[in-house]
There are 2 protein chains.
Amino acid sequence: MRELKERILKEGQNLGEGILKVDGFVNHQVDPNLMDACGKEFSRRFAHLGATKVLTAEISGIAPALTTALHLGIPVVYARKTKPITMPDQVYLTLAPSHTKGRMVELIISPEFLAHGEKVLIIDDFLASGATILGLVRLAEAAGSQVVGIGALIEKSFEGGRKVLEPLGVPVESLACIVSMEGSRILFSD
Amino acid sequence: MRELKERILKEGQNLGEGILKVDGFVNHQVDPNLMDACGKEFSRRFAHLGATKVLTAEISGIAPALTTALHLGIPVVYARKTKPITMPDQVYLTLAPSHTKGRMVELIISPEFLAHGEKVLIIDDFLASGATILGLVRLAEAAGSQVVGIGALIEKSFEGGRKVLEPLGVPVESLACIVSMEGSRILFSD
């Protein structure tokens, strides 16, 4: 998506070791108009799948997942990383490595909000190694839901996440696909 | 706001000790249409203040803050509770008690995204004791910003947060004000 790529080139910071800082418009500070445009684009690409729920992981996934859900007219569920006291004792829980925290984090969903037979569209901010998204896939499967599509704002194709997700046999879409971050340059796939 | 109150009466669960569970439409699972309507209503109530930025705290504040920012056409910043590696070493940090976690949490903002002279509108999901919102006020003041208004989806007036915020002399708006949660009933102020 042109707007997102232009913003990454203008404001994204390559911190080295594959870390792209987009704190000015995706994480920490969010540009709501850009996020709405991204949600609209995801909605356009995934509308034909008949998803009944958008699934994401707190924290940075919430903004793009919410705007996508808004355009699709379906609810969004965000997996929690800490179990709040309002959640029942019996939950779906899996572990996934956090790229920016440098440790494993829990991903937790209440069975109340992911039912057997639901069609789940997973939306997240980044597709890097695919580990977080695979964690969400495991949660959806544990609930008896079917993952029908996966979308990420920014894909870092050199980290191999798409290969990891391919066996699922569902469409995987990213709005900005970075193929290289060598040196200070950021190169997109097209 | 009628839609929000009706939803609280229909789906909110009074878990006792002042805990209102709204995990089906505000926390964990989010109804994007309701959240958009709430953002539109906040925008209507606060438009005259000339806010330049919406400020909230991760995690549950993100959805209503994002839709408010979308309707106001200004960026939203969410205070982080864990410092990500993309954040600079020098930050604004304060402590606030977490109602649902039962401990103190850090609220952290990067100086990159809250500047001297900004007009800040604080939006959060709950106004209870006011402690989290006061934490956000301290961060805004540390940055040399001016808090111009405070909005919460749900106010629990019996926890006294409004009294705590009154000395700030800015408008405080809630879309559903609960005056009592005695027994299993939820009573609104009007």
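Is Cys177(B) buried or exposed? In this predicted model, Cys177(B) is buried, with a relative accessible area of 15%. Buried means under 20% relative accessible area, exposed over 50%, and partly exposed in between, with a 1.4 Å probe and protein chains only. Residues are numbered from 1 along each chain as its sequence is written, and chains are lettered from A in the order in which they are written. Local features need pLDDT of at least 70, side-chain atom pairs count only at pLDDT 80 or more, totals for chains, interfaces and linings use all residues, and side-chain values use heavy atoms, without hydrogens and water.

A search of the whole structure finds zero disulfides (pairs of cysteine sulfur atoms within 2.5 Å). Cys177(A) is in no disulfide, and the nearest cysteine sulfur, in Cys38(A), is 15 Å away. Cys177(A) is buried, with a relative accessible area of 15%. The sulfur of Cys177(B) lies 15 Å from the closest cysteine sulfur, in Cys38(B), which is too far for a bond.

Helix α3 of chain B spans residues 62-72. Helices are DSSP runs (H or I, at least four residues), numbered from the N terminus. Nine of the 11 residues of α3(B) are buried, so this helix is largely enclosed by the rest of the structure. Among them are Ile62(B), Pro64(B) and Leu70(B). Gly73(B) follows α3(B), and its phi is positive, near 70°.

In contact (heavy atoms within 4.5 Å), Ile62(A), Ala63(A), Leu66(A) and Thr67(A) of α3(A) meet Ile62(B), Ala63(B), Leu66(B) and Thr67(B) of α3(B).

How values were computed: Helix = DSSP H or I, 4+ residues; strand = E, 2+ residues; numbered from the N terminus.
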